[in-house]
Amino acid sequence: MTSTHPRKRPQRRSEIPHGPQQTAGLQQIRDNLQPAPAACTVEPAPHPTGEEVPPELLALVTHHCRRINAYLARAQQLQTLHGDSMRQWQRLVLYALTDALAHNHLLVGTLAAYLQRQDLDADLLRRYLQSPDPDRYITREAVEHLDGLTGAVPEEVAEPVWMAVGRRIARDGS
């Protein structure tokens with residue numbers, strides 16, 4: 001007698017060999033990330049905050065998640081647009097995926113810089129980043145982005161790109 005329950009039917013069982021669990025595999029990837037070139041540590045300068053998340057941080061996450069999702073959707077869409085041309089597909093899918101990765105990296109670095117600036121315990125930050133080294137994420141661009149987000153005055157005559165983007169995100173709310 002064959003069970004009608006999907007888990008008990010033998011044809012539904014996975015034939016994929018079981019290696020490290022995905023969580024452990026992701027941690028291996030994080031552990032192998034190299035420190036960012038010209039990595040930064042942000043000096044603490046905490047501003048009193050309440051229990052609520054500052055609106056500029058919510059806007060930051062919304063802004064970058066929209067961008068990341070758009071690039072990922074573009075990467076998926078390319079299979080129907082260029083599925084018949086490996087040369088076009090490989091070029092365009094890697095452009096889309098690396099753009100999504102850059103936005104994700106900038107978002108994580110900016111949030112990590114914010115938490116460092118708020119004088120979050122270093123061990124806690126490492127735990128949140130799931131990394132022994134926050135310098136893998138906090139770059140000059142992330143700090144400039146945070147400065148724009150928090151309304152800092154640029155030191156240079158020409159405002160850095162990510163500072164201007166951060167300022168616009170804080171002003172527009174996304």
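Biologist: Which helix gives the most to the lining of the second largest pocket?

Modeller: Helix H5 (residues 140-149) does, with four residues; a helix here is a DSSP run of H or I with at least four residues, numbered from the N terminus. The model is predicted, so local features need pLDDT of at least 70 and side-chain atom pairs pLDDT 80 or more, while totals for chains, interfaces and linings use all residues. Residues are numbered from 1 along each chain, and side-chain values use heavy atoms, without hydrogens and water.

Biologist: What makes Arg117 and Asp147 a salt bridge?

Modeller: A side-chain nitrogen of Lys or Arg must lie within 4 Å of a carboxyl oxygen of Asp or Glu. For Arg117 and Asp147 the N to O distance is 2.9 Å, and therefore the pair meets the rule. Arg117 belongs to helix H3 and Asp147 to helix H5, so the pair ties together parts that are 30 residues apart in sequence. By this rule there are six salt bridges.

Biologist: Why is Glu144 called buried?

Modeller: Its relative accessibility is 12%, and buried means under 20% (exposed is over 50%, partly exposed in between; 1.4 Å probe, protein chains only). Arg140, at 47%, is therefore partly exposed, as is Glu141 at 29%.

Technical notes
Helix = DSSP H or I, 4+ residues; strand = E, 2+ residues; numbered from the N terminus.
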